[in-house]
Amino acid sequence: MRILSGIQPSGALHIGNYLGAIQQYIALQDGNEAFYFVADYHALTSVRDAGKLRQYVFDVMVDMLSLGLDPEKAVLFVQSDVPETVELAWLLSTVTPMGWLEKCVSYKDKVQQGLPAEHGLFAYPVLQAADILLYDADLVPVGQDQKQHLEITRDVAERFNNVYGGKKGVFRLPKPYILDNVAVIPGLDGRKMSKSYNNTIEIFDEPAVIRKKVKRFVTDSTPVEAPKNPDTCPLFGLFKLFAKPDDLAEVERRYREGGIGYGEVKTRLGEALVERFAEPRERRAEWVAHPDRVAKVRAAGAEKARATARTILEKARAACGVG
Ligand code: AQP
């Protein structure tokens, strides 16, 4: 199967990105044809400093490599190394009704948060459709927040196929791959973990910072000795995703019986996070010390991605009569 997904270089990656997306990238790189990219064209909608953007692109490449994405198995590339993407975005734009974009929740949210109401932000789902359709993807691993955008990708592909595709169609219709237990990872304040809500725990923060941040996790005021419901507690929900089985069973039992305070759970979550990312942290230091190796991975990825992208773009150009 062909797998495709991307991550914006708009700041340090957080554990919502890891659980909601990168873990699935890692699982799917075996036995599939996987393409994973750093979405720098997309990040231009929020990052307005060239030096910062370049640094973030490097950081996300390094993060992906350190967390276990393997350039021998998956194509790792940077979106803007494949400029064919923006040409396809234009072709798709010409068949995308305004109404489809106007109903996008993500655009409305971002404008409400203070981002300027610019065309790039508004047309973001069309660029995303181009990212996906350009690689004939079957499956797109993402978090729940991307579900609506994926639906638009399918609608745009279908529309283009209907207008230009003849019997065979030009584009394959991709499916989202969203795992229920990690679809929406809560942040420190209980809302979706998100850079723009300032409620994130960064994967590669220093261990001391991770331990301290976890302490900010918002909980209710149930006293230590009172029973608590682990099924509805966001703190437990996160702990569950990182704890070792024995620790998990013990904490769950003490939740139900009473006798565990949120402070202890936060401490244990902090430790579990530090432990989980200890090895990737070491690998990360290696990659950062060798930017030439990162550049090599990037160049090789660009070449492979571009070769695939060109074929599909040519099909689309021929179908609509340009070029
Ligand atoms: N809290 C989350 N739970 C589950 N999945 C998540 N993802 C992001 N946050 C969560 C998934 O991570 C992938 C990459 O995300 P992105 O690059 O599109 O960044 P984002 O979704 O824009 O991340 P933020 O932190 O929420 O950034 P802002 O605040 O700028 O919008 C995607 O698959 C996403 O679903």
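Biologist: How are α3 and α15 oriented to each other: roughly parallel or roughly perpendicular?

Modeller: Before that, a caveat: this is a predicted model, where local features need pLDDT of at least 70, side-chain atom pairs count only at pLDDT 80 or more, and totals for chains, interfaces and linings use all residues. Residues are numbered from 1 along each chain as its sequence is written. As for your helices, α3 and α15 are roughly perpendicular to each other, since angles of 65 to 115 degrees get that label, under 35 being roughly parallel, over 145 roughly antiparallel and the rest oblique.

Biologist: What's the angle, and how far apart are the axes?

Modeller: The packing angle is about 90° and the axes are 11 Å apart. The axes are lines fitted to C-alpha atoms, for helices over the stretch in contact, and angles run from 0 to 180 degrees between N-to-C directions. In residue numbers, α3 covers 50-67 and α15 covers 291-320. Helices here are DSSP runs (H or I, at least four residues), strands are E runs of at least two, and both are numbered from the N terminus.

Biologist: Which residues of α3 and α15 meet?

Modeller: On the α3 side you have Phe58, Met61, Val62 and Leu65, and they meet Val294, Val297 and Arg298 of α15. Contact means that the two C-beta atoms, placed from the backbone, lie within 7 Å. By class, six of the residues in this contact are nonpolar, none is polar and one is charged. Nonpolar covers Ala, Val, Leu, Ile, Met, Phe, Trp, Tyr, Cys and Pro; charged covers Asp, Glu, Lys and Arg; the others, Gly among them, are polar.

Biologist: How far does α15 reach from its first C-alpha to its last?

Modeller: It's 42 Å over 30 residues, close to the 44 Å expected at 1.5 Å a residue. The expected span is 1.5 Å times one less than the number of residues. For α3, with 18 residues, the reach is 26 Å, close to the expected 26 Å.

Biologist: And what do the buried residues of α15 pack against?

Modeller: They pack against β2 (33-38), α3, β3 (74-78) and α4 (84-93). The buried set of α15 includes Val297, Arg298, Gly301 and Ala302. Buried means 20 or more other C-beta atoms within 10 Å of a residue's own, exposed means 12 or fewer, and partly exposed is in between, with C-beta atoms placed from the backbone. In α3, the buried residues include Met61, Val62 and Leu65.

Biologist: Switching topic: what does UniProt list for Asp131?

Modeller: The unreviewed entry lists Asp131 under "binding site". UniProt positions are in the numbering used here, feature names are shortened, and annotations may be inferred rather than shown by experiment.

Biologist: Is Asp131 buried or exposed, and what does it touch?

Modeller: Asp131 is buried, because it has 26 C-beta neighbours inside 10 Å. Asp131 sits in helix α8 (residues 124-133) and touches Gly6, Gln79 and Thr85, leaving out residues up to four places away in sequence.

Biologist: Where does UniProt put the 'HIGH' region?

Modeller: The unreviewed entry gives residues 9-17 for that short sequence motif. In the model, the end C-alpha atoms of residues 9-17 are 12 Å apart, and the span is 33% helix and 0% strand.

Biologist: Last one: where is Ala21, and what does it touch?

Modeller: Ala21 belongs to helix α1 (residues 15-28) and is buried, with 23 C-beta neighbours inside 10 Å. Not counting residues up to four places away in sequence, Ala21 touches Ser5, Ile7, Pro141, Val142 and Gly143.
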